Amino acid sequence: MVGVRSVIRAGSRLENTVMMGADRYERPADFARNRESGLPDVGVGPGCHIRRAIIDKNARIGADCRLSPAGLAERTETAAWYVRDGVLVVKKNAVIAPGTVVGE
């Protein structure tokens, strides 16, 4: 399921995933500011593979990320994500750096 104003860039694949979307679309000026501050754009970057996940609103997932709860202990948690009941949850407003691998 994909929510309102969700952005999933080319080559990305979401399996058994719920994506909540975003409060607003980013514009070219926002993209420029993101580059200057080293942030990924809102949504899922290109070339990502995300399985069994919930992506909360306004999350920024960089290019070429691999996200899955497989192989992670229940109740694992970081500043950007956590695992509950075998589901990886990317927190609201979280930033996941490009190339990040979580799970197997």
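Biologist: Where does D30 lie?

Modeller: D30 lies in helix α1, which spans residues 28-37. Keep in mind that this is a predicted model.

Biologist: Is D30 buried or exposed?

Modeller: Burial is read from the relative accessible area, and under 20% counts as buried. D30 has 7% relative accessibility, so D30 counts as buried.

Biologist: Which backbone nitrogen does the side chain of D30 reach?

Modeller: That of R27: the side chain of D30 comes to 2.7 Å from this nitrogen.

Biologist: Now the strands. What holds the strands of a sheet together?

Modeller: The strands of a sheet pair through backbone hydrogen bonds, and the pairing is either parallel or antiparallel. In this model, an open sheet is formed by three strands in the order β2-β4-β8, with parallel pairing. Its edge strands are β2 (43-44) and β8 (95-96), each of which pairs on one side only.

Biologist: How many bridges join β2 to β4?

Modeller: Two bridges join them, and β4 covers residues 60-61. Opposite V44 stands I61 in β4.

Biologist: Which strand does β3 run parallel to?

Modeller: Strand β3 (residues 49-55) runs parallel to strand β7 (residues 87-90), and three bridges join the two. I54 has V89 in β7 as its bridge partner.

Biologist: Do β6 and β7 pair in the parallel or the antiparallel sense?

Modeller: In the antiparallel sense: β6 (residues 81-84) and β7 share four bridges. For W81, the bridge partner in β7 is V90. The two strands, β6 and β7, form a hairpin with two residues between them. In that turn, D85 has a positive phi of about 50°.

Biologist: Where are N58 and R75 placed?

Modeller: N58 sits in the loop between β3 and β4. R75 belongs to the loop between β5 and β6.

Biologist: Is N58 buried or exposed? And R75, buried or exposed?

Modeller: N58 has a relative accessible area of 13%, so N58 is buried. R75 is at 59% relative accessibility and therefore counts as exposed.

Biologist: What else can be read in the loop between β5 and β6?

Modeller: S68 has its place in that loop. With a relative accessible area of 2%, S68 is buried. The side chain of S68 makes a polar contact with the side chain of R51, at 3.2 Å. A polar atom of the S68 side chain also lies 3.1 Å from the backbone nitrogen of A70.

Biologist: Where is A70, and is A70 buried or exposed?

Modeller: A70 is in the loop between β5 (66-67) and β6. Its relative accessible area is 17%, so A70 is buried.

Biologist: How far apart are A70 and H49 in space?

Modeller: They are 13 Å apart, C-alpha to C-alpha, with a separation of 21 residues in sequence.

Biologist: How many disulfides does the structure hold?

Modeller: The cut-off for a disulfide is a pair of cysteine sulfur atoms within 2.5 Å. The structure holds zero disulfides.

Biologist: How is empty space inside a model found?

Modeller: Rolling a probe the size of a water molecule over the atoms shows where empty space is left. In this model the count comes to one cavity of 30 Å³ or more.

Biologist: What is the volume of the largest cavity, and which residues line it?

Modeller: The volume of the largest cavity is about 40 Å³. Its lining consists of R5, S6, V7, M19, G21, A22, V42, G43, I55, D56, N58 and A59.

Biologist: How many residues of each class are in that lining?

Modeller: Six are nonpolar, four are polar and two are charged. N58, one of the lining residues, is the residue described above with a positive phi near 65°.

How values were computed. Residues numbered from 1 in each chain as written. Predicted model: local features only at pLDDT ≥ 70, side-chain atom pairs only at ≥ 80, totals over all residues. Heavy atoms only, no water. 1 Å grid on protein atoms, 1.4 Å probe; cavity = no way out; pocket = protein on both sides within 12 Å on 5 of 7 lines; lining within 4 Å. Points joined across faces, edges and corners; volume = space filled by probe spheres on them. Nonpolar A, V, L, I, M, F, W, Y, C, P; charged D, E, K, R; others polar. Pairing = 2+ DSSP bridges. Buried < 20%, exposed > 50% of the residue type's maximum accessible area, 1.4 Å probe, protein only. Polar contact = N/O pair within 3.5 Å; in protein donor to acceptor, adjacent residues only side chain to side chain.
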